[in-house]
Each structure stands twice: as structure tokens, then as C-alpha cells.
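Trainee: Can we go through this model together? I would like to start with the helices and end with the rings.

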Amino acid sequence: MIKGKKKDAKKKDAKKDGKKAAVEKSEESLGTPTDSNLTTLGDLRSDSLGEETPAIPEAPDEEPEVEEPPAPPVTPFHEEPVLAQVIIESYEGEQVDEFYEGEGFICFEGGNTYKGLFSEGRMNGEGTYTWADGVKYEGTFVKNVPTHCGRYTWNDGTVYEGSIRDGLRHGYGIFRSGTHPIFYTGFWCNGKRHGKGTIYFDQEQTSWYAGDWVNNVREGWGFRRYRSGNTYFGQWKKNLRHGHGKMIWLKDKQEYEGEWQCGLQHGSGMHTWFLKRMEMSKYSLLNEYAGNFVKGERHGHGAFLYSDGTMYSGEWAHNKKHGKGIFVSRNGVCFEGEFENDCPVERPARQGSAVKAKKLRATSPRRHFERTAVVNAVGKILVLGSDIDLDVSTLLAFFPREDRENESQKIELAVLRHISKLRKAYYFYSTLGCASSDSTCSMTMLQFWRFLKDCNFHLCSVTLAEIDRLLRGDQSPKDIHDPSDILLFRTFVCYLVHLAFHIYHEKCKDEVPHLQKCFLEMMSRNVLPSACCVQGILYSGGEFSSFAMNYLEKCWEIYEDFCRPCPRPPFDSTVKLRQFLWMLDDFKLLSEQLTAPRVLEIFVKVGASVPGIYGVNLELEMIFLEFFESLLECALVYVTEDMILKKEAQDNKKRSSFEIKELSKATSAMSLTEHSPSQPPRPGEDTELAPQPSLLETLLSFPITPGESKDDVSLPNKDVKEEQDSCPEKELIDEAKEDKDEQKELCSFQMCQVEIFFTTKLFPAFEREIVLRDKIKEKKTQDAELAELRKIQAEELERLIAEKEEEEEARKQEAAALQESVRLREQASSSWETLLSWRSLQLKKEASKREPSPTKRGSRGSEPKAAPTGTKATADKKKKK
């Protein structure tokens with residue numbers, strides 16, 4: 001403690017420096033700081049509370065409206081507390097020349113405290129400042145001001161850690177809310193988010209924004225992903241979509257690219273609705289509108305192309321055709337005139353203007369208007385068309401701004417050079433595994449994985465699971481490895497461009513244009529030499545592939561059950577080779593044929609693992625294609641010919657027993673009918689049996705094959721037949737027929753192996769595993785309840801024992817107290833007896849002193865007797881002497 005004079009001096013000094021050190025720790029989302037510790041931050045959770053509302057899918061009769069959701073409620077948030085004018089109450093620590101120096105602890109008036117380093121009487125160096133309400137700052141101080149780097153902590157768990165300047169967040173820092181799942185990492189300026197930064201609005205990190213910030217609001221270029229999966233990439237202003245941008249509504253299968261204003265579609269742009277003709281075909285159709293928008297509605301001039309080929313080009317008002325326009329039906333009939341409230345004013349007259357309709361189709365939004373809209377929006381012309389619009393914005397971010405336009409144009413030209421071969425590969429793989437070769441099928445992720453493995457992408461130091469994370473990391477973790485997801489052709493091309501950059505950017509880092517070189521390297525090394533050369537057992541044959549697809553859904557269920565989440569973002573779930581081997585062991589599927597080394601060979605065969613110097617790495621991840629093909633290969637090894645014969649014998653035995661039972665039933669019915677002819681027939685029964693065909697009729701009912709008829713004059717004679725038998729062409733035909741029969745027989749044998757393995761081994765084992773897990777879970781629940789009951793009983797027993805021990809201790813204490821009282825009583829009584837004996841002795845002594853001597857008694861009249869020598873009196877006299 002310091003003396004009074006020093007204390008008064010320090011109060012004045014601290015008061016003077018306190019004015020300079022007044023800092024505030026504030027979010028200041030709306031600009032003006034307040035005196036309280038809470039303020040409003042409307043932009044932090046507004047997007048997480050309300051998702052973007054997509055337009056209704058377009059139909060030729062009715063057109064959609066795009067409605068924006070209402071503004072969400074404002075969420076309260078924290079400000080930074082203020083280092084006000086402080087007055088020192090007490091100080092504990094080191095001092096030099098009446099100045100605080102070194103480490104110390106100081107208490108201010110009002111309850112604020114500081115513990116840390118001092119220099120020249122001021123807070124200088126590392127220290128901790130704690131406000132009276134519990135808010136704490138840990139970090140660096142310079143002349144009483146928090147500066148450089150530090151950590152703010154609020155009472156509710158909210159934390160900021162990063163750069164500090166003059167007590168405000170300034171520079172790079174991380175902010176995490178304690179009451180809401182809000183997490184921000186990026187740059188700050190004077191306590192506000194400013195510059196590049198990323199903010200997450202939920203715990204699962206499915207709703208986030210990454211891009212530019214200006215004074216706590218989204219402004220500039222940024223990417224927004226909503227919780228529903230919808231995405232927007234483009235320009236922002238005051239937390240709203242403003243400028244050029246692209247919005248994708250994932251579930252509603254719509255997208256819009258063009259101009260925005262205050263969060264609404266406003267200006268020129270293109271809106272696309274993706275449809276499906278039928279569920280089995282998977283042939284994606286689309287409606288497109290390219291033209292002007294006003295406050296989210298089609299308003300002004302625009303062209304609408306329907307999926308069936310119908311087209312309208314003209315004026316629009318509030319999402320309806322209104323004004324002059326041209327309507328062309330799908331059969332080429334053209335109507336030109338006035339429209340009002342989405343209907344023609346006059347009755348359309350059939351006009352033979354097929355040439356005009358053809359010219360109008362040439363200027364449809366898919367061919368002409370889209371390019372015009374894109375030119376007006378971003379100042380460039382796409383050369384690939386709307387169905388192959390390359391989205392390489394994330395890759396262009398790696399290049400300087402002056403090189404991005406050149407890189408974008410060059411990569412489009414490189415894709416255009418190989419577009420026909422890419423289309424051929426896309427449609428080839430999209431028909432694999434389909435029952436009929438429908439050219440309208442779309443590629444699934446399962447077929448895309450087969451394409452990647454055929455092109456040896458998995459041998460480029462990257463696994464298919466890592467490729468999925470690279471290409472589909474913006475989706476939810478559950479959908480990253482979904483084999484049933486559909487890939488449009490544009491997505492297929494974009495994936496290849498991104499993959500080429502990821503694999504070959506190090507090799508081509510010194511070459512310009514970089515993206516084009518990477519793409520051409522990928523095409524020459526991977527796609528062109530190996531595409532359409534299908535490997536693997538799943539797509540080895542049309543009949544076998546269609547048969548194997550019947551077990552796809554159940555195997556996907558097993559795959560999902562054995563998936564384990566990855567510890568790194570995006571936290572997707574996969575199956576490792578080790579888990580697959582453990583699964584076979586748990587299901588009792590490892591046998592003399594299917595041994596563990598044989599399973600490792602299967603991993604290498606299906607491409608799930610590449611053998612290295614030290615063998616197979618069991619920590620590698622398997623995507624579902626590798627998982628399913630490994631199961632198919634295991635089936636061909638596990639099921640032997642003896643098992644097939646045994647299974648056929650069991651099936652025949654069951655079939656024969658069933659037939660015998662049916663025959664016995666029929667025989668018993670016939671015998672009853674024969675022995676009781678007088679019994680009336682039952683309703684619906686015939687009184688007479690069906691006539692049995694004779695043996696001759698049965699023989700004549702068989703068809704006569706060519707070569708068995710004696711009247712066939714076209715049959716060759718013996719010599720001609722011998723010449724034909726020795727013909728080389730017939731030998732070749734017979735060999736081809738034998739090969740075909742062998743292939744068919746092998747395919748049937750393999751299908752039988754797969755059926756036995758899946759239906760009698762794998763699936764029943766999985767069902768038993770599920771039942772066992774349920775029982776184990778139920779047993780654990782029962783054990784937990786029993787343990788809780790035992791715990792309660794043990795606590796009750798301990799309580800009873802403690803009470804009994806307390807009672808026993810109390811009894812012991814009472815017995816000890818009683819013994820002590822008895823002892824004291826005995827001790828007191830013995831002392832009293834000793835005192836009485838002493839007192840009686842004293843009385844005796846006094847009595848003996850008062851007793852008269854014998855001489856005196858003799859002088860009164862009796863002669864004294866001679867005292868014997870050695871008497872007691874003599875002894876007493878001697879003692880007295």
C-alpha cells in the first residue's frame with residue numbers, strides 16, 4: 001500500500017492519463033457508440049434467420065413472381081466497455097521513485113482492476129484489465145491504452161482475439177459469440193469489420209459469407225451460402241445484393257445472373273428454371289427468360305423461351321406479357337400483335353411465317369440475348385453458350401486482376417477446342433448401367449467416379465474422396481459423396497477445369513496462360529487416351545450391370561452405416577479400407593477363399609489403393625463406387641461352384657416338396673370327387689374333370705423344327721451338307737457363337753455368385769448386426785439405468801451407514817462421558833476419604849495432646865504404678881526430644 005500523499009498524486013496522474021486512455025470495445029454495427037454494454041447488430045444474423053425465397057417454376061400458362069422475405073428481427077450484440085476516467089483506490093506491487101514500476105496490482109474506484117506490468121507509473125506491457133461487470137481484456141498496453149494484440153472476453157462467453165489499436169479491434173482478428181453460433185475471422189478497422197473476412201451464422205457452418213466488408217456491412221464482391229444450400233456470388237451494397245451477381249436456388253433448381261438493386265432483380269439479366277421431362281429419363285429441360293427486370297419482376301423488353309420450344313419476345317409488365325410482342329408456338333406458328341394481361345388482345349390468326357419464326361428463334365435467349373445480357377453486365381462475350389457457362393471465379397482469384405480476363409478467355413477457347421469429345425464422354429458414361437441406352441440420361445456421381453477412375457485421376461496423388469471435397473466442398477457434408485446426385489454437362493466441364501488446375505498447377509506454374517495449360521495437360525494425359533475405356537466389374541457388361549444395380553440401394557445403406565466423419569472440414573463421412581476389412585470380419589465373411597490378403601488384392605484391383613513400397617495403406621478412404629465394386633469382387637471370390645450347386649439343390653428340394661404338397665392336395669380332392677359322386681358340387685366347381693390329352697396329342701403338340709420334316713425340299717443332300725460343315729466361314733461363326741455362349745454362361749454364373757453373396761450372406765449379416773446393435777444399445781440403456789439404481793442404492797446405504805456410525809459415535813461419546821464422570825466421582829470420593837482420615841488423625845493427635853499425664857492423676861489419691869521400661873510414653877518423649 002502507498003501513503004496518502006502518494007495516493008493523492010497518483011489519483012491526479014491517473015485522472016489525467018485516464019482521459020487519454022479512454023477506449024471502447026464496441027461492435028458499432030450501426031455507427032454510433034452508446035454508453036451501455038449492448039447495442040444492435042442487424043447484419044450478423046439477418047441472413048441466417050431468413051433464406052432467399054426463389055421464384056415459382058415457370059410454366060407456359062402461368063409465370064412466377066420473385067418475392068423477397070420480410071426483414072428479420074434485429075439481434076442484440078455486445079459493445080466494448082469503456083476505460084473511463086479512473087481513480088486509484090489501492091496499489092500493490094513494485095515502485096521506483098514513487099512511480100509504479102514492474103509488476104503490480106491496482107484497484108480503481110468503481111471496481112475495475114488491473115494486474116500486469118507498469119512503467120513510469122503507467123500500464124505498459126502485458127497485463128489484464130477487468131471491468132467491474134466482469135468484462136476482461138488480456139494483452140498489451142502502451143501508456144494506459146490497449147494496443148498491438150490482445151483478447152477481449154465478455155461474461156456470456158463472447159471472445160475476440162487479434163490485433164488491437166487504441167483499444168479497438170484493428171487488423172486481423174477472430175470473433176466468436178457466446179450466445180449465438182456466430183464466428184467471424186478477417187480484418188477489422190476501428191472496431192468494425194472492414195476488408196476481407198468470413199462470417200459463419202450457424203454451428204454446422206452451412207450458412208456463411210466470405211468477401212468484402214466496409215464499416216461492418218457487406219459491400220463489394222462476396223460469396224454468400226444460405227442454410228438451404230442456395231448461393232449468391234456477386235456484388236453487395238449495404239448488406240444487400242446490389243450490382244452484378246449470380247444467384248442459385250438449389251432445391252427449386254433455378255438460377256439468375258444479371259443486375260441486382262437493393263436485394264431484388266433489377267436491370268438486365270437471365271433467369272433459368274431447370275425442369276425434368278420424366279423421372280426415369282433424367283433429361284433436364286429448362287425455361288429461360290432474358291431481358292429486363294424491375295424490382296424482382298419481369299418488366300420491359302424481354303424474351304422467354306419455354307422448354308417445349310414455344311417462345312415469346314416482346315414487352316412485359318409485372319411478370320406478364322403486356323404490349324407489343326411476337327409469340328411463336330413449338331410447331332412454328334407465329335403471332336405478332338398486342339398483348340394485355342398475359343393474353344393477346346386480338347384472336348391469333350394463323351400466319352405462314354415460318355421463315356420469320358426461324359429468324360426469331362435465332363435471336364432466342366439461348367443464342368443471342370444471353371450474350372447481349374452478359375456483355376452489358378460484365379463487359380465480355382461468352383463463347384460456349386448458356387449450357388456450358390464456366391464458373392471459374394474461384395480459380396481466377398489466384399491470379400492478378402489484370403490477368404483474369406485473359407485467363408478466362410483462354411480457358412473458354414481451350415474447352416471449346418475439345419467440346420465435342422467432352423460431350424461424347426459425358427453421354428457415354430451417362431448411359432452406363434441403364435436398362436436402355438437412352439441418350440437423354442444425365443450423368444450421376446457414380447458414373448462420374450467411373451469416368452475419373454478410367455482416366456486415372458486417382459493416380460495423380462489424390463484420392464476420389466479428396467476430389468469430391470475439392471469439387472463439392474460447398475455442399476452439406478451429407479451430400480458430398482452421394483452417388484445419386486445429377487451432374488449437368490456444364491457442371492461436368494467446370495469440375496474438369498477445377499481438377500486440372502488442382503493437379504497440374506505446380507507443373508505448369510511458369511506457363512501462361514496458366515489455366516489453359518493445365519486444362520490441355522489434363523486432356524492429353526488423362527481424358528483423351530483413356531476416356532470411354534470402361535474398367536471395373538460394375539459396368540463390365542450391360543446385363544450384369546443392370547443386375548448389380550438392384551443391390552445398389554441396400555449397399556448404399558450399409559456404406560452410410562459404416563461411414564465415419566472426417567476430423568477436418570467439411571467434416572464429411574467416408575469408409576476407410578480398414579473399416580471395410582473389419583466389416584467383413586464382423587460379418588463372418590472371411591473364409592478360406594476370401595482371406596485378408598485376397599481382400600487387399602481386391603483393393604488394388606478396384607483402384608481403392610495403390611500399392612506402395614510398404615504395401616497397402618489401410619487408412620485410405622473409399623468412395624461408394626470403390627466400396628460397391630469391392631463387394632462385387634468379394635462375391636466372385638467368396639461364392640464357389642460347390643456353394644452354387646448346394647444352393648440349387650436346396651431350391652430344388654424346396655420346389656419339389658412344394659409341388660408334392662400341391663399334388664397331394666389335388667389328388668385328395670380328386671379322390672373325394674370320385675368316391676362321392678352323389679355329393680353336390682360346390683359353388684364355382686365343375687362336375688366333370690378337364691379331359692386329359694392323349695400321348696399322341698401330346699407328341700403332335702410339339703413344334704417341328706427345321707430339318708425334322710421329311711417333306712422339306714429345301715434341305716441339302718448329304719454331300720452339300722458335308723461341304724457346308726467344312727466351310728471356314730461356318731467355323732468362324734461357330735467359334736463366335738461358342739464365345740458368345742461362354743460369355744453368357746460366365747455372366748450367368750457371376751450373377752448367381754452375386755445373388756448368393758448378397759441375399760444369403762451380406763444382407764442377413766447386416767440385418768443381424770443392426771439387431772445386435774439395437775440389443776447392445778438397449779442393454780447399455782438398461783445397464784445405465786441399473787447403474788443409476790445401484791448408485792442410488794449405494795448412496796442410500798452409505799447414508800444409512802454414516803447415520804449408524806454417527807449414532808455409534810454418539811453412544812461411544814456418551815459412554816466415555818459417563819466413565820469420565822464416574823472416574824471423577826470416584827476420584828472425588830477417594831479424596832474425601834483421604835481428607836477424613838487425615839482429619840481424624842489430626843483430631844486424635846489433638847486429643848492425645850489434651851489428655852492429662854499419669855503423675856498428675858496419681859497425686860490425687862492413688863499411688864502411681866511403676867512405668868515399665870520401654871513403654872509408649874517413653875518412646876513419645878524421646879520422639880519429642
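This is a predicted model: local features need pLDDT of at least 70, side-chain atom pairs count only at pLDDT 80 or more; totals for chains, interfaces and linings use all residues.

Trainee: Noted. Which residues of helix 13 are buried?

Mentor: Helix 13 spans residues 552-562, and its buried residues are L552, C555, W556, I558, Y559 and F562. Seen down the helix axis, these buried residues fall within an arc of 160°, so they line one face of helix 13.

Trainee: And what does helix 13 pack on?

Mentor: A sheet, where helix 13 touches strand 27, strand 28 and strand 29. The direction of helix 13 makes about 95° with that of strand 28.

Trainee: What is the strand order in that sheet?

Mentor: The order is 27-28-29, in an open sheet of 3 strands with antiparallel pairing. Strand 27 (564-565) and strand 29 (621-622) are at the edges with a single partner strand each, so one side of each has no neighbour in the sheet.

Trainee: How many bridges join strand 27 to strand 28?

Mentor: There are 2, and the two strands run antiparallel; strand 28 covers residues 573-576. R564 has T574 in strand 28 as its bridge partner.

Trainee: Switching to the cores. Which residues touch the most other members in the largest nonpolar core?

Mentor: F451 and F758, in a core of 102 residues. Helix 10 (residues 489-504) gives the largest share of this core, with 12 residues.

Trainee: What does F758 touch, leaving out residues up to four places away in sequence?

Mentor: F758 touches Y551, C555, F628, L631, L632, F763 and P764. C555 is also one of the buried residues of helix 13.

Trainee: How many residues are in the second core?

Mentor: That separate core has 41 residues, including Y152, W154, Y160 and I164.

Trainee: Y160, then. What stands opposite Y160?

Mentor: F175 in strand 10. Strand 9 (residues 159-165) pairs with strand 10 (residues 168-176) in the antiparallel sense, over 6 bridges. The hairpin formed by strand 9 and strand 10 has 2 residues between the strands, and D166 takes a positive phi near 55° there.

Trainee: And how many residues lie between strand 10 and strand 11?

Mentor: That hairpin has 6 residues between its strands. Strand 11 covers residues 183-189, and its antiparallel pairing with strand 10 also runs over 6 bridges. In strand 11, T185 stands opposite I174.

Trainee: A side question on S530: buried or exposed?

Mentor: S530 is buried, at a relative accessible area of 16%; the cut-off for buried is under 20%. S530 sits in helix 11 (residues 514-530). Beyond its neighbours within four places in sequence, S530 is in contact with Y429, D454, C455 and N456.

Trainee: Last topic, the rings. How many aromatic pairs are there in the whole structure?

Mentor: The search finds 65. One of them is Y137 with F141, an edge-to-face pair at 5.2 Å centre to centre with 85° between the planes. Y137 is buried at 1% relative accessibility, and F141 is buried with a relative accessible area of 1%.

Trainee: What about F448 and F492?

Mentor: Their ring centres are 6.1 Å apart and the planes are at 85°, so this pair is edge-to-face. F448 lies in helix 8 (residues 445-454) and F492 in helix 10, so the pair ties together parts that are 44 residues apart in sequence. Both F448 and F492 are buried.

Definitions and conventions. Residues are numbered from 1 along each chain as its sequence is written. Side-chain values use heavy atoms; hydrogens and water are left out. Buried means under 20% relative accessible area, exposed over 50%, partly exposed in between (1.4 Å probe, protein chains only). Helices (H or I, at least four residues) and strands (E, at least two) are DSSP runs, numbered from the N terminus. The arc is that of the directions from the helix axis to the C-beta atoms. Two strands pair if DSSP finds at least two bridges between them. Contact means heavy atoms within 4.5 Å. Axes are lines fitted to C-alpha atoms, for helices over the stretch in contact, and angles run from 0 to 180 degrees between N-to-C directions. A nonpolar core is a set of buried Ala, Val, Leu, Ile, Met, Phe, Trp, Tyr and Cys residues joined through side-chain atoms within 4.5 Å. Rings of Phe, Tyr and Trp (its six-membered ring) pair if their centres lie within 6.5 Å; planes under 30 degrees apart count as stacked, over 60 as edge-to-face and the rest as tilted.
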